[in-house]
Amino acid sequence: MRLATLADVEEVAFAELELFPDEAWNVFQLAEEIEHPDRRYVIAAAGADASGELLGYAGIMLAGDLADLHTIGTLRESVGIGRALLAWCEEQARRGGAERLLLEVREDNDRARSFYTRAGYQEIDRRKGYYRIRGRRIDALVMQRDLRA
């Protein structure tokens with residue numbers, strides 16, 4: 001894994017379209033995120049120096065004692081990439097002074113919900129109609145994990 005740079009924006013944008021076609025971030029949004037001083041973005045890629053094929057990416061926003069998981073995407077399932085990315089985000093949040101990490105997950109995304117629950121996240125709220133997917137409104141479940149433990 002390595003820190004994301006502006007050189008990664010195009011490849012991550014294509015991955016966003018593949019993974020999240022209805023809610024993908026564009027290159028401009030991703031560039032703004034990667035360059036923002038309160039954001040931390042990581043790339044998981046093949047090779048010892050993580051310069052090969054994109055395997056995944058993730059990013060957080062730091063906000064004092066709270067951090068927010070903005071995105072996490074993996075292009076290979078069930079090989080530990082998601083867990084490694086989430087662990088990186090949690091560590092960056094701790095280093096940035098966060099005591100809790102929050103995230104939103106689509107209510108109908110059972111696989112992601114299970115992943116976060118196994119990682120120690122608990123549902124704390126619901127955002128009605130947060131996601132707009134093909135004319136449907138889907139609730140977001142807000143989950144959090146205490147990073148002090």
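Guide: This is a predicted model, in which local features need pLDDT of at least 70, side-chain atom pairs count only at pLDDT 80 or more, and totals for chains, interfaces and linings use all residues. Residues are numbered from 1 along each chain as its sequence is written, and side-chain values use heavy atoms, with hydrogens and water left out.

Visitor: Which residues of α4 are buried?

Guide: Buried means under 20% relative accessible area, exposed over 50%, and partly exposed in between (1.4 Å probe, protein chains only). Helices (H or I, at least four residues) and strands (E, at least two) are DSSP runs, numbered from the N terminus. Helix α4 covers residues 110–118, and its buried residues are Ala112, Phe115 and Tyr116.

Visitor: Why do the buried residues of α4 line one face of the helix?

Guide: An α-helix has 3.6 residues a turn, so residues three or four places apart point the same way. The arc is that of the directions from the helix axis to the C-beta atoms. Seen down the axis of α4, the buried residues line one face because they fall within an arc of 90 degrees.

Visitor: Which exposed residues does the face of α4 turned away from its buried side carry?

Guide: The buried side of α4 packs against β4, α3 (81–95), β5 and β7, where contact means heavy atoms within 4.5 Å. On the face turned away from that side, the exposed residues are Asp110 and Arg118.

Visitor: At about how many degrees to β5 does α4 run?

Guide: Axes are lines fitted to C-alpha atoms, for helices over the stretch in contact, and angles run from 0 to 180 degrees between N-to-C directions. Helix α4 lies across β4, β5, β6 and β7. Its angle to β5 is about 160 degrees.

Visitor: Which residues do ring pairs link into a cluster?

Guide: Rings of Phe, Tyr and Trp (its six-membered ring) pair if their centres lie within 6.5 Å; planes under 30 degrees apart count as stacked, over 60 as edge-to-face and the rest as tilted. Phenylalanine 115 and tyrosine 116 are edge-to-face, at 5.1 Å centre to centre and 65 degrees between the planes. Tyrosine 116 and tyrosine 121 are also edge-to-face, with centres 5.9 Å apart and planes at 70 degrees. The cluster linked by ring pairs is Phe115, Tyr116 and Tyr121.

Visitor: Which side chain makes a polar contact with the side chain of glutamine 144?

Guide: Glutamine 144 is in strand β7 (residues 136–146), and the residues it touches include Tyr121 and Arg100. A polar contact is a pair of N or O atoms within 3.5 Å; within protein, one must be able to donate a hydrogen and the other to accept it, and residues adjacent in sequence count only if both atoms are side-chain atoms. At 2.7 Å, the side-chain partner of glutamine 144 is arginine 100.
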